[in-house]
Amino acid sequence: MSKKLQLFCVAILGSIVLKGQLQQAGDPNFRQSGTEAPSQQWNNWFNKEVEKFEQNLQSGKATNVAYRIPIIFHVIHTGEAIGTYPNLSVAQVTSQVTVLNADYAGIGLNVGNVPQAFANLVSNTNIQFCLATKDPFNVPLAEPGIHRVNATTSGWASPSATANIVSYINNQVKPFHCWDPTKYLNIWVSDKTASLTILGFATYPAGTSLVGIPNSGGTSLDDGVWCWSKTIGNTGALAAPHDKGRVATKEVAHWLGIRNIWGDGNCLDDYCTDTPWAKQANTGCPPYPSYVNRCGINQSPNGEMTMNFMDETDDACRFMFTHKQTVRMQTAMSQCNYRNLLGTHGLCSYTQVAAPAVASFTFNDVLCANTQLTPNNTSTGWPAPTYQWNVAPGAGINPAPSVASPMINFPGAGTYTLYMTATNTTNISSYTAVVTVVNCPATQLCLDTVRMIKPYDTLATYKSANSALVSGCATGFAGYLTGTNCYKDKEFAQFIPATTYSAISFPQVNSVIVLFDSVGTKATAFTAGTQIACILYSGNATTGPNTQFALKSDSLKKIQSGQKLKWIRYVGSPTYSFQTTKIIPFKFDFAQPVLLTPNTPGFFASVQTPFNSVTDSINIFGNTKTNLSTDSSSWVLLNPSNNWRTMRFGRNAKIQLAIMPQITCRPVVGIKEQQTEFSSNISVMPNPNNGQFSLVFTLPKEQDLNISVYNAIGQQISGDRLENVTHDMINMDLGDRSDGIYFIEISNGSERVTHKVIVSK
């Protein structure tokens, strides 16, 4: 069943819109891939064949057969010498076959960079290619796999002078130079006009009952692939960033029945259930993950598969087919009338001479501990070897030790021995290298929130009874950090040591989140103007706060109004509900990011109290004294005499307050991160965590939210709806789940934000 069946009506509408767009935009010369989407008749027929093939695979009636397809490259030139562009050299043409064989075996360039979320989907199609040895008259080819065609002596215009390369190839070249498609994969190669963006196009495999139906597949006069000469292979006259041979890899996949990953429209179907939805063709080299759920909730929770060969990203950033794409290729090879006889005519008898596997690899970069490093696999051999990696002492090898160039994570500084074995049908070769791994300078990171409250802490509040027996309490004032603050302390400050943000380049404080207790945070109706200030001070843990360098005030009434009464489900136990009435997260958002001075021991973030009021009060959560040493000076207070005192000195307490600066890195002070108001007011704390964490909301207005939790492979494990959310803190529990990566998706109906949560118990 199609992964997009539930949006069938939308897909039809998208197809109609797409056709209109193509008519307005002109011919396919102005897209990277000029391959036209096949007709609906072809889709219906081929999808049924795929379904039958999958059923036969599951029942054991069919297997993934090893195919070897002979290729003839029709190299179009205008009289240039062999090896002079566009009359490509033998080495450049041959390198394209090498690229195809590696890519279709799942061991091509950069496959080790496949993200962990997609690593188990990398597929070996079991399809390989060779240079054809003979022409259609059974005469051995002087240059195996190459048929050179002079456009000038053929009476044609130069390919580089035509305004429509698709029409030129289809109407002038193919009718005269299309070798029997039951025996050869025809690949036409030519130059093109510089203004045309098209890099290649292909015909789909024709079904026996559909020959002659428009867009149903190639015919005996046009079946095959065209590619721009500067995209062929990985050596010679090439044009970056499409200089690794991946244009031909993609167009040959079209020729084998694979659709564009975006389904040739806006979030349309590619009929492969293991590829996430994609909204459109992606270009360049997008970082991972990119475009999370751009086509809808849970449609691409790990981002779009921009590294799939069927996208239009740069060659170096495309390096995988999936298992379902392999099934479609295998179906085409077994069921389509210009595919099912390929490789049966002895045209691959000339292959690259068998060569023993020679294992070898190098590293370009300094080897840093706790960093993903990819070796350069320089092994040789024919047939292409398979690989096995090992490291002693142990190190992480991702996505698997069997990929050609995996990512290796050395856990610490020291000496390591790397072993790599290359195996082909000729021999087994091993290569060993001893490498030195060092502790490199910390990677420059951007942190979301300084986590002064640790994962194993339990939030608590502290107060004293309204009693004359409480030493130091003012008469008529009740409480300790609550009530009306009987000690009349003016400010409470939390020290933020520089070690918590030392790995951040250009650290700046954007805002400060404070967790208030709703029971002890009160504002009377007659004191709506009472302001509570959040202040940043320089200083150190020994001497306390020094110089004030930033201040942000807000209304106590506004803070107190964040108190809510809700019933929320625990994520880990969807049937269990609890009330949250206690925590009011409030964010003091500075007008401009506040640059932290380099090379200082840290700073203080404080919150003023309404110390002169007998009715207004604040109460701030702290921890339960579990994560401190004997030095308790991280929390200080400003007493009525305007002296800073540690809590240990004044109150015999060793705790930390939930006053948490949000520190980020930006190159220029005052340049805000491009975030929406919605996304910038939702935080996960702590993260990473042991499965127990909280969603912190500091939204400027009430909103109804949908919250969904997904595991690393995109399965939804929980979901709920919250109403009237503003300043709220919602407890989440993934303690009964296995360690790993989870995604929390929060949506208000028009905007959506996804947070990656790392659970490590």
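Mentor: Start with strand β4, residues 185-190, where six of its six residues are buried. Buried means under 20% relative accessible area, with a 1.4 Å probe and protein chains only. Strands are DSSP E runs of at least two residues, numbered from the N terminus.
Mentor: One caution: this is a predicted model, so local features need pLDDT of at least 70 and side-chain atom pairs 80 or more, while totals for chains, interfaces and linings use all residues. Numbering runs from 1 along each chain as its sequence is written, and side-chain values use heavy atoms, without hydrogens and water.

Trainee: Which residues point which way from β4?
Mentor: L185, I187 and V189 point one way, N186, W188 and S190 the other. All are buried.

Trainee: What does β4 pair with?
Mentor: β1 pairs with β4 in the parallel sense over five bridges. Pairing needs at least two DSSP bridges between the strands. H74 has W188 as its bridge partner in β4. β4 also runs parallel to β6, residues 225-228, joined by four bridges. There, V189 is partnered with C227.

Trainee: Switching topic. What is V252 in contact with?
Mentor: Beyond its neighbours within four places in sequence, L100, Y104, F129, L185, I187 and V225. Contact means heavy atoms within 4.5 Å.

Trainee: And the open sheet, what's the strand order?
Mentor: β9-β14-β13, with antiparallel pairing. β9 (372-373) and β13 (396-398) each have a single partner strand, so one side of each lacks a neighbour in the sheet.

Trainee: How many bridges between β9 and β14?
Mentor: Two. Q372 has N409 as its bridge partner in β14.

Notes:
Buried means under 20% relative accessible area, exposed over 50%, partly exposed in between (1.4 Å probe, protein chains only).
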